[in-house]
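Subject: Structure handover

Hi,

Here is the structure I promised to pass on. My notes follow below it.

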Amino acid sequence: MKIGILGLGLIGGSLGWDLRSQGHHVLGVSRRESTCSKAIALGSVSEASVDLNLLSAADVVFICTPLGLIIPKFEELIPYLSPSTIVTDVGSVKAPIVKALSPLWHNFIGGHPMAGSTDNGIEARESNLFVNKPYVLTPISTTPTYAVEVVEKIVRSLGANIYHCHPEQHDRAVSWISHLPVMVSGSLIAACMSETDSEVLELAKKFASSGFRDTSRVGGGNPELGLMMARFNREALLNSLQQYRHKLDDLINIIDQEDWTTLEEKLKLNHKARPDFME
Ligand code: NAP
């Protein structure tokens with residue numbers, strides 16, 4: 001199959017690498033010539049160009065640009081596609097994208113691989129990035145069954161676990177487990193940096209170990225991704241942040257009142273609930 005990838009960064013480069021290793025002919029388009037050359041040299045694509053025309057031969061196109069460019073780049077791509085081309089995207093927010101693209105392209109199905117890294121760009125690409133990771137597809141009532149089946153088959157071949165849901169449900173769910181953590185983890189780093197005693201701050205930096213590494217990882221990632229999550233999933237993220245603030249206020253009160261029994265109950269509930277999110 002000829003598979004097109006628009007946007008050769010972490011996700012596009014990783015996707016291309018796995019698809020090529022399965023024998024697909026991968027056509028890559030990116031913004032910079034240097035990225036196209038690197039993508040070929042690194043084995044992520046069979047051919048690459050900065051010209052969208054390269055994608056006219058693709059049976060399926062994955063749009064892997066930054067979130068804010070998915071809609072405008074797809075609009076630019078339309079004249080180059082044949083009506084039978086199936087188009088999907090990998091954007092971290094689904095409702096605004098599905099709402100904008102579905103009326104423009106019959107054979108469009110939204111998607112979101114729940115896999116990534118804090119690095120970005122083609123050099124950050126990884127093989128088997130999607131293995132055993134959730135990959136959410138958000139077909140709507142007008143999405144052709146054939147388009148769903150073709151994209152599912154490709155996604156399954158990456159070793160990912162496929163889930164289907166409505167775009168809005170997707171956005172609310174990822175707000176809890178992806179977008180809120182980015183903001184909370186970022187606030188953790190910012191709070192640490194607000195320490196006014198420079199000696200204490202230096203000690204904190206030296207003492208930081210696995211706990212801080214785990215809890216600060218997503219907050220210290222690609223700023224563009226966090227910005228796009230907030231811009232495109234604003235409503236759901238605001239709701240999650242407000243709920244989180246209530247939980248923090250509860251904790252502050254409990255600790256202020258030295259109510260250790262209630263604190264212990266809450267910590268026990270968290271301990272019990274976490275595995276449900278991990279399995
Ligand atoms: P990334 O590493 O920054 O890659 C995006 C690539 O898009 C860049 O390498 C850039 O290539 C290219 N690009 C930028 N402007 C372009 C344009 N005008 N035309 C064509 N290509 C252009 O970002 P990413 O992490 O792969 O994220 C890509 C998408 O995946 C986003 O929509 C994001 O929501 C989604 N996603 C990300 C993650 C994650 O954890 N990172 C997880 C799941 C989904 P050049 O080098 O040529 O400029």
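A backbone N or O atom of G121 lies 2.7 Å from an oxygen atom of the ligand. That is a polar contact (a pair of N or O atoms within 3.5 Å; within protein, one must be able to donate a hydrogen and the other to accept it, and residues adjacent in sequence count only if both atoms are side-chain atoms). The protein covers 91% of the 890 Å² of accessible area that the ligand has on its own. Areas come from the Shrake-Rupley method with a 1.4 Å probe; for residues, only the protein chains shown count as cover.

A polar atom of the S92 side chain is 2.6 Å from an oxygen atom of the ligand. For R31, a polar side-chain atom sits 2.7 Å from a ligand oxygen atom.

Before you go further: this is a predicted model, so local features need pLDDT of at least 70 and side-chain atom pairs count only at pLDDT 80 or more, while totals for chains, interfaces and linings use all residues. Residues are numbered from 1 along each chain as its sequence is written, and side-chain values use heavy atoms, with hydrogens and water left out.

The shell around the ligand has 28 residues, each with a heavy atom within 4 Å of the ligand. S30, R31, T35, S92 and G121 are the closest. By class, 13 are nonpolar, twelve polar and three charged. Nonpolar means Ala, Val, Leu, Ile, Met, Phe, Trp, Tyr, Cys and Pro; charged means Asp, Glu, Lys and Arg; the others, Gly among them, are polar.

Overall, the chain has eleven helices and eight strands. These are DSSP runs, numbered from the N terminus: helices are H or I, at least four residues, and strands are E, at least two.

Best wishes
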